[in-house]
Amino acid sequence: MNKKPFLFFAIFISTVTTAWAQSAKLPSINLDQTDIDRTNKERTNSYVDVLEKASPSVVSVYTGKKIGVIVGGSRSLSEELLRRYYGQPSQPRQIIEKEVPAGMGSGVIISSDGYVLTNNHVVSDQYGRLVDIITIKLPDGTEYEGKIVGNDPQTDLAVIKVEAKDLPAITIADSANVKVGDVVFAIGNPLGIGQTVTMGIVSALNRSQLGLLGQNSYEDFIQVDAAINKGNSGGALIDSYGRLIGINTAILSESGGNMGIGFAIPTNIARTVMTSLISYGKAYRIALSITVQNVSKDTAEAFGLKAPTGALIVDVTPNSEAEKAGFKRGDIITSLNKKEIPSPNALRVRLAEIPMDSTAIFEVLRNGKKEVVSVAFKSPQIASEKQEENIEVASKEIPKAITTVLEGITFTTIENARKQINIPADQKGIVVASVSTDSPYAATLRPGMIIIESNNRPVNTEEEFRLSLKKGINRLWVREGDSVVFVPLRY
């Protein structure tokens, strides 16, 4: 029996507004969203002007921890003899606070009044705890004490504040304009040797699900071949105009050093997280009260798509903002704010780019036609992940009813199965009781699944299910556990 679970994401929206989360005054940042001119074919022998523009904005970040050290209380043999025979007083045991180095990295000045953007892991120790001491060192040697404004492990971003004015803030570009083949520069403090610039090109875009940031993270990296080493983390990835397009974050390496595979967080994600951290001290993300699922090859065929792309909505929370906006089960989200959505993970990442107090425009395919759904997000919302749980069938088998509708599959009624599995009181449909290992549908259906709809027809009996089936791909809506999923069934 194939028990591989369907993969999907569940994203929820909360409309609760809290008084403490009122927007703070944000720093003024330099933003230039124009695309670079790729039609200029003239060769250049130097990028001095580009680097002179951006390098002053990249700083070194040195961190430390405060630890308690026990002193006194222990004596050598000679000291113990002196104490016993000559009455020399013993030194009392005490704990003193000591500062020890925790690490180093880089950062980027994003506003002239002292906000610095860096990686969360730069301001954390090896156990993921935030550091106590931060020193920001400018390229000219000036040093400032820094304080953490907020951090977000899910994107590996953090914001530091220093008390200074008229700092050289970098200009931020629209990372959506970046293309594979663009010339880029990585600026940072590799291995603590001082500010260093390396050059390369954009090797790939939208690198995700690499596991570099841990579970439930938001990975959508720009991949580059510019040399990145330890200490470059939190530094700037700039384009050929000297504008920030990413925050250098990680590498893939067998040796621990540069192998030409580096990753940077795009500025469009960084700007949204940075704004939230400065305003609220934590990262709030746009979320939708919908459950989405991958579009497989069979699903694409079932919905008449040319290719398996998009995010299929399998559930919409009743009375939610998503339902009010017009989302419906069976919609396939194909774009968000004119950016293509090839998968549920892409939808999740694109939502993470959307700032609060903005309107998102979705394009969906509904019954083969394009529809537009707009959602206004006005208040901080906490996104939560709803992970699918496999149905655990009780030790007693679900009562079977012999059927020939599908080879190797037996069904039973909701009433018969209610004692073995949790089923909502108002749920209708038929329950998959057993699946033989040699059934041609063993990879599609599992015991405990409740078939509630087939080819746009509600299913309450096996006869209704049989009459709904047709040759080729059939569109089934199935409840499994607490979730509704779409199942393409080839009959």
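Colleague: What share of the 491 residues in the chain is buried?

Modeller: This is a predicted model, where local features need pLDDT of at least 70, side-chain atom pairs count only at pLDDT 80 or more, and totals for chains, interfaces and linings use all residues. Residues are numbered from 1 along each chain as its sequence is written, and side-chain values use heavy atoms, without hydrogens and water. Buried means under 20% relative accessible area, exposed over 50%, partly exposed in between, with a 1.4 Å probe and protein chains only. Of the 491 residues, the buried share is 48%.

Colleague: Is Thr334 buried, partly exposed or exposed?

Modeller: Thr334 sits in strand 18, residues 332–336. Strands are DSSP runs of E, at least two residues, and helices are runs of H or I, at least four, numbered from the N terminus. The relative accessible area of Thr334 is 22%, so Thr334 is partly exposed.

Colleague: How far apart are the C-alpha atoms of Thr334 and Leu365?

Modeller: Thr334 touches Leu365, among others (contact: heavy atoms within 4.5 Å). The two are 31 residues apart along the chain. Their C-alpha atoms are separated by 7.1 Å.

Colleague: How is helix 3 oriented to helix 6?

Modeller: Axes are lines fitted to C-alpha atoms, for helices over the stretch in contact, and angles run from 0 to 180 degrees between N-to-C directions. The axes of helix 3 (residues 267–280) and helix 6 (residues 344–353) come within 7 Å and cross at roughly 55 degrees. Under 35 degrees counts as roughly parallel, over 145 as roughly antiparallel, 65 to 115 as roughly perpendicular, the rest as oblique. Helix 3 is therefore, relative to helix 6, oblique.

Conventions:
Lists of a residue's contacts leave out its neighbours within four places in sequence.
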